[in-house]
Amino acid sequence: MTLVSEGGVALVTGASSGIGEAFARALARRKVRLVLVARSREKLEALSRELAAVSGKEASVLALDLSRRDAPARLYSETEGRGLAVDLLVNNAGFGLNAPFDETPLERILEMLDLNIAALTALTRLFLAPMKARGRGSILNVASTASFVAGPYFAAYSASKAYVRSFSHALHHEARPHGVTVTALCPGYTNTNFNVVAGMKRGAGGLLPRQDAGRVAEIGLSALERRKPVRITNPLDFLWIFSLRIAPAWLPPVLAAALFRYAREKQEKA
Ligand SMILES: NC(=O)c1ccc[n+]([C@@H]2O[C@H](COP(=O)([O-])OP(=O)(O)OC[C@H]3O[C@@H](n4cnc5c(N)ncnc54)[C@H](OP(=O)(O)O)[C@@H]3O)[C@@H](O)[C@H]2O)c1
């Protein structure tokens, strides 16, 4: 399946770093015209210049804080105003918070939910309708392997990603008869700025299987092309997620709590 038609564009949120930047690079290699979105205008402009040399097509830059409630509608009307037909939407912008829930500032928790859930839902709603009218389009929503387990010390983040996976999986079946594919991508621990922004303790990451952002992006695009509803990117993560089917429901959160408690204690002693 061709993801972006002649004259169409791919819009990537969170394109200034990590997995979003890797999506932008992978799409530029496929000669796709891009719209790059994040808060860091200078990083996006530098990336846009670099990618134009690869794809031969100028990438549009829209610097926006998507955690603001009016941002998705502004982004949508900006693309409409510029006459950009978004054939592929990559809802990637997001962040995590790794700390005891009651010690995390409330504004930061709500900002995360506004970005990970509200903005992703609004952008999907806004861009899905014209895709359906055109009878073609693809939406990739970046969830996480964290969506499969109630994650102590990542409680609100894991819940936000469980929403993304469930929402996207359901929508896959609504959109499919209209020529639009929706995929929930579930990366595991990936080498990006995620752990720094989340305040993750080094010990916890060291125990998890890792992937490069470039690999995650390639697997994501291939999952869209193959019209997959949900895709776990790392085979090693697939193994433990598959084993959840036979594990008693109480066990995974107990193990996750032990892992993150161990990491916190190890870091505090260091
Ligand atoms: N890395 C992992 O281990 C991992 C695993 C599973 C899932 N994920 C998911 O993958 C996605 C990408 O994360 P990443 O790992 O690539 O982390 P990252 O390197 O920190 O990138 C996050 C991106 O989101 C953008 N962003 C953050 N807040 C924003 C806001 N308010 N408005 C607009 N853009 C915003 C950032 O750009 P600006 O700062 O310039 O705005 C940046 O481009 C997230 O949804 C994350 O939950 C990551």
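User: Which residues line the largest cavity?

Analyst: Rolling a probe the size of a water molecule over the atoms shows where empty space is left. In this predicted model, the lining of the largest cavity consists of L97, A99, F101, T104, I109, M112, Y153, F154, A155 and A156. A cavity is a set of points, on a 1 Å grid over the protein atoms alone, where a 1.4 Å probe fits but cannot get out; lining residues have an atom within 4 Å of a point. Two elements give two or more residues to this lining, α4 (106-134) and α5 (155-175). Helices (H or I, at least four residues) and strands (E, at least two) are DSSP runs numbered from the N terminus.

The model is predicted, so to speak of local features pLDDT must be at least 70, side-chain atom pairs count only at pLDDT 80 or more, and totals for chains, interfaces and linings use all residues. Residues are numbered from 1 along each chain as its sequence is written, and side-chain values use heavy atoms, with hydrogens and water left out.

User: What is the volume of the largest cavity?

Analyst: About 60 Å³, where a volume is the space filled by probe spheres set on grid points joined across faces, edges and corners. The model has 3 cavities of 30 Å³ or more.

User: How are the axes of α4 and α5 placed?

Analyst: Two packed helices are described by the angle between their axes and the distance between the axes. Here the axes of α4 and α5 come within 9 Å and cross at roughly 10 degrees. Therefore α4 is roughly parallel to α5, a term for angles under 35 degrees. Axes are lines fitted to C-alpha atoms, for helices over the stretch in contact, and angles run from 0 to 180 degrees between N-to-C directions. Contact residues include I109, M112 and L113 of α4 and A156, Y157 and S160 of α5, contact meaning heavy atoms within 4.5 Å.

User: What is the strand order in the open sheet?

Analyst: Strands of a sheet pair through backbone hydrogen bonds, either parallel or antiparallel. This open sheet of 7 strands runs β3-β2-β1-β4-β5-β6-β9, with parallel pairing; two strands pair if DSSP finds at least two bridges between them. β3 (60-63) and β9 (230-232) are the edge strands, each pairing on one side only. The twist averages 20 degrees from one strand to the next.

User: Which strands does α5 touch?

Analyst: α5 packs on the sheet against β5, β6 and β9, and its direction makes about 155 degrees with that of β6.

Notes:
On a 1 Å grid over the protein atoms alone, a cavity is a set of points where a 1.4 Å probe fits but cannot get out, and a pocket is an open set with protein on both sides within 12 Å along at least five of seven lines; lining residues have an atom within 4 Å of a point. Angles under 35 degrees count as roughly parallel, over 145 as roughly antiparallel, 65 to 115 as roughly perpendicular and the rest as oblique.
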